[in-house]
Amino acid sequence: MKRTFRIWRTDPSDPAKGALKEYEIEVQEAWTVLDALNEIKWRHDGSLAFRRSCRHGICGSCAMTIDGKNTLACELQVSACKGKVVTVEPLRSFPVLRDLVVDQTDFFARYETVKPYLICSKQAPTDKERKQSPEDRKLIDGTWECILCGACTSSCPVYWSSSQFLGPAALLKAYRYVFDTRDEGFGDRLQALDSKHGLWRCHTIFNCVEACPKALNPTEAIVKLRRKVLTERI
Ligand code: SF4
Ligand code: FES
């Protein structure tokens, strides 16, 4: 079956500029959009640039905007794209380096400010993991699954308008560590979270929830973190 893809191509002399270019290719029934992009790159136009690695919705590399919605190209089947033409663009609000490849430097810089790692004064055992009970683990279910694809942050209007808002992905990761019963770093993260560029900047627009390809809920995490911060203040 033939399908037409309209793909964002940057101007080689200025990546801030570009245009959509059409490719009509033969696709197989079970192909994902990533398979179609590979077909275009390998057999039609080797100059097309995009990120991918795992092909299984795990690495987060292939996040892009397809038919106006942020998603993972390796998880979206071409057959699920109902329009006559499938439009593929780079994630919004991130600077474009080339074609579908965006610059994530600022995204990860803001992410780092929430100290996204376990902070624990106890020496880590050398012969086993730091274990936690199934009940404790349940407290962070729905947050540790984040693959840092950036689809949520790229869809957030507050992130678009603020050069400092931490964004939903960073705040969801903050929740993952703050509510981990082995972690002792809430105080270390408080300054970043309890600031006008942190939890309080979110306007609960829910775009992030709609955009997340792993069906996570950054808005809910932000609301629960706000409650925790308020409780600590009392
Ligand atoms: S919360 Fe979802 S959309 Fe946001 S970075 Fe994590 S996996 Fe991607
Ligand atoms: S290639 Fe890894 S998430 Fe799509």
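Student: How much space lies in the largest pocket?

Tutor: Good place to start! This is a predicted model, and in it the largest pocket holds about 160 Å³ of space.

Student: You mentioned strand 4. Is threonine 71, which has its place in that strand, buried or exposed?

Tutor: The idea is to compare relative accessibility with a cut-off: under 20% means buried. Threonine 71 has 14%, so it counts as buried. Strand 4 itself covers residues 69-72.

Student: What is threonine 71 in contact with, leaving aside its neighbours within four places in sequence?

Tutor: Its partners are Cys62, Ala63, Met64, Ile66, Leu76 and Pro213. Keep Pro213 in mind, as it is also one of the residues around ligand 1.

Student: Which other residues are around ligand 1?

Tutor: Besides Pro213, you will find Cys146, Ile147, Leu148, Cys149, Gly150, Ala151, Cys152, Ala169, Leu172, Cys212 and Lys214. This shell divides into ten nonpolar residues, one polar and one charged. Helix 4 (151-154) and helix 6 (168-178) each supply at least two of its residues.

Student: How many residues does the largest nonpolar core have?

Tutor: The core has 61 residues. Phe5, Ile7, Leu37, Met64 and Val88 have the most contacts inside it. Helix 6 provides the largest share of this core, seven residues.

Student: Let's take one of those. What does valine 88 touch, not counting residues up to four places away in sequence?

Tutor: Valine 88 touches Phe5, Arg6, Ile7, Trp8, Leu20, Val33, Met64, Thr65, Ile66 and Leu100.

Student: Where are aspartate 99 and threonine 204 found?

Tutor: Aspartate 99 is in the loop between strand 6 (96-98) and strand 7 (101-102). Threonine 204 lies in the loop between helix 7 (186-193) and helix 8 (207-211). Helix 8 is the element that gives the most to the lining of the largest pocket.

Student: What does relative accessibility say about aspartate 99 and threonine 204?

Tutor: Aspartate 99 has 1% relative accessibility, so it counts as buried. Threonine 204 has 34%, so it counts as partly exposed.

Student: Finally, how many helices and strands does the protein chain have?

Tutor: The chain has nine helices and seven strands. Its C-alpha trace spans about 60 × 40 × 30 Å along the principal axes. Of its 234 residues, 45% count as buried.

Student: How can I read which parts of the sequence come together?

Tutor: Look at how far apart the contacting residues are in sequence. Among contacts between residues at least 6 apart, 63% join residues at least 24 apart.

How values were computed:
Residues are numbered from 1 along each chain as its sequence is written. Chains are lettered from A and ligands numbered from 1 in the order in which they are written. This is a predicted model: local features need pLDDT of at least 70, side-chain atom pairs count only at pLDDT 80 or more; totals for chains, interfaces and linings use all residues. Side-chain values use heavy atoms; hydrogens and water are left out. Helices (H or I, at least four residues) and strands (E, at least two) are DSSP runs, numbered from the N terminus. Buried means under 20% relative accessible area, exposed over 50%, partly exposed in between (1.4 Å probe, protein chains only). Contact means heavy atoms within 4.5 Å. A residue is near a molecule or strand if one of its heavy atoms lies within 4 Å of it. Ala, Val, Leu, Ile, Met, Phe, Trp, Tyr, Cys and Pro count as nonpolar, Asp, Glu, Lys and Arg as charged, and the others, Gly among them, as polar. A nonpolar core is a set of buried Ala, Val, Leu, Ile, Met, Phe, Trp, Tyr and Cys residues joined through side-chain atoms within 4.5 Å. On a 1 Å grid over the protein atoms alone, a cavity is a set of points where a 1.4 Å probe fits but cannot get out, and a pocket is an open set with protein on both sides within 12 Å along at least five of seven lines; lining residues have an atom within 4 Å of a point. Grid points are joined across faces, edges and corners, and a volume is the space filled by probe spheres set on the points.
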